[in-house]
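Open the model in your viewer and keep the sequence panel beside it.

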Amino acid sequence: MIVNKSRKPSKEKKLKYCLEPGCGKEFLGYAVAKYCDFHRVLKNRDYKPPVYSEVDINNVVFKHKYRDSKEIEMECGFPGCNKLYRILVIPKIHVYPKYCEYHRNAWKRGLEEKGE
Ligand SMILES: [Zn+2]
Ligand SMILES: [Zn+2]
């Protein structure tokens, strides 16, 4: 889950083009607007959730396009744990912890105990 907490006040509407592939409709929107009225509704879009793939036992690749550092919430990847944890997403960095703080440490401890 991604919580967008950016609150950049921008009152100026501009002529923009919808970014939905195959649409490209002109609309008047604020600087942050990316879609026409129709495609602003998520179910009308060809929406794909963020792609995660595992890089190692503790980390995942999180493809994002943030251009500023931003704190977002991720769901713990440990089976049965749905705890949300916060990560700081950094531009051009795509590897992030996969688990909540608790499981991150539990996991590491478990590995050390095995002596590997
Ligand atoms: Zn559109
Ligand atoms: Zn967890």
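Helices (H or I, at least four residues) and strands (E, at least two) are DSSP runs, numbered from the N terminus. This is a predicted model, in which local features need pLDDT of at least 70 and side-chain atom pairs count only at pLDDT 80 or more, while totals for chains, interfaces and linings use all residues. Residues are numbered from 1 along each chain as its sequence is written, and chains are lettered from A and ligands numbered from 1 in the order in which they are written.

**The whole protein**

Begin with the cartoon view. The protein has 7 strands and 1 helix, and along the sequence they come in the pattern β-β-β-β-β-β-β-α. A residue is called buried here if 20 or more other C-beta atoms lie within 10 Å of its own, exposed if 12 or fewer, and partly exposed in between, with C-beta atoms placed from the backbone. By that count, 10% of the 116 residues are buried. Two residues are in contact if their C-beta atoms, placed from the backbone, lie within 7 Å. Of the contacts between residues at least 6 apart in sequence, 31% join residues at least 24 apart.

Select Lys-11, in the segment before E1. Lys-11 is exposed because 6 other C-beta atoms lie within 10 Å.

Move to Cys-18, in the loop between strand E1 (14–17) and strand E2 (26–29). Is Cys-18 buried or exposed? Cys-18 has 21 other C-beta atoms within 10 Å, so it counts as buried. To see what surrounds Cys-18, select the residues it touches, leaving out those up to four places away in sequence: Cys-23, Gly-24, Lys-25, Phe-27, Tyr-35, Cys-36 and His-39. From Cys-18 to Tyr-35 the distance is 4.3 Å, C-alpha to C-alpha, across 17 residues of sequence.

**Val-61**

Next, select strand E4 (residues 59–62) and find Val-61 in it. Val-61 is partly exposed, because it has 15 C-beta neighbours inside 10 Å. Then select Pro-97, 36 residues from Val-61 along the chain; their C-alpha atoms are 8.8 Å apart.

**Strands E5 and E6**

Select strand E5 (residues 70–75) together with E6. Two strands pair if DSSP finds at least two bridges between them. E5 and E6 run antiparallel and are joined by 6 bridges. One place to look is Glu-71, which stands opposite Leu-88 in E6. How many of the 6 residues of E6 are buried? The count is 0, and E6 is hardly covered.

Lys-83 sits in the loop between E5 and E6. Lys-83 counts as partly exposed because it has 14 C-beta neighbours inside 10 Å. Residues up to four places away in sequence aside, Lys-83 touches Cys-76 and Cys-100.

**Lys-92**

The last stop is Lys-92, in the loop between strand E6 (84–89) and strand E7 (95–97). Lys-92 has 7 other C-beta atoms within 10 Å and is therefore exposed. Check its backbone as well: phi of Lys-92 is near 70°, a positive value in a residue other than glycine. Most residues other than glycine have a negative phi.
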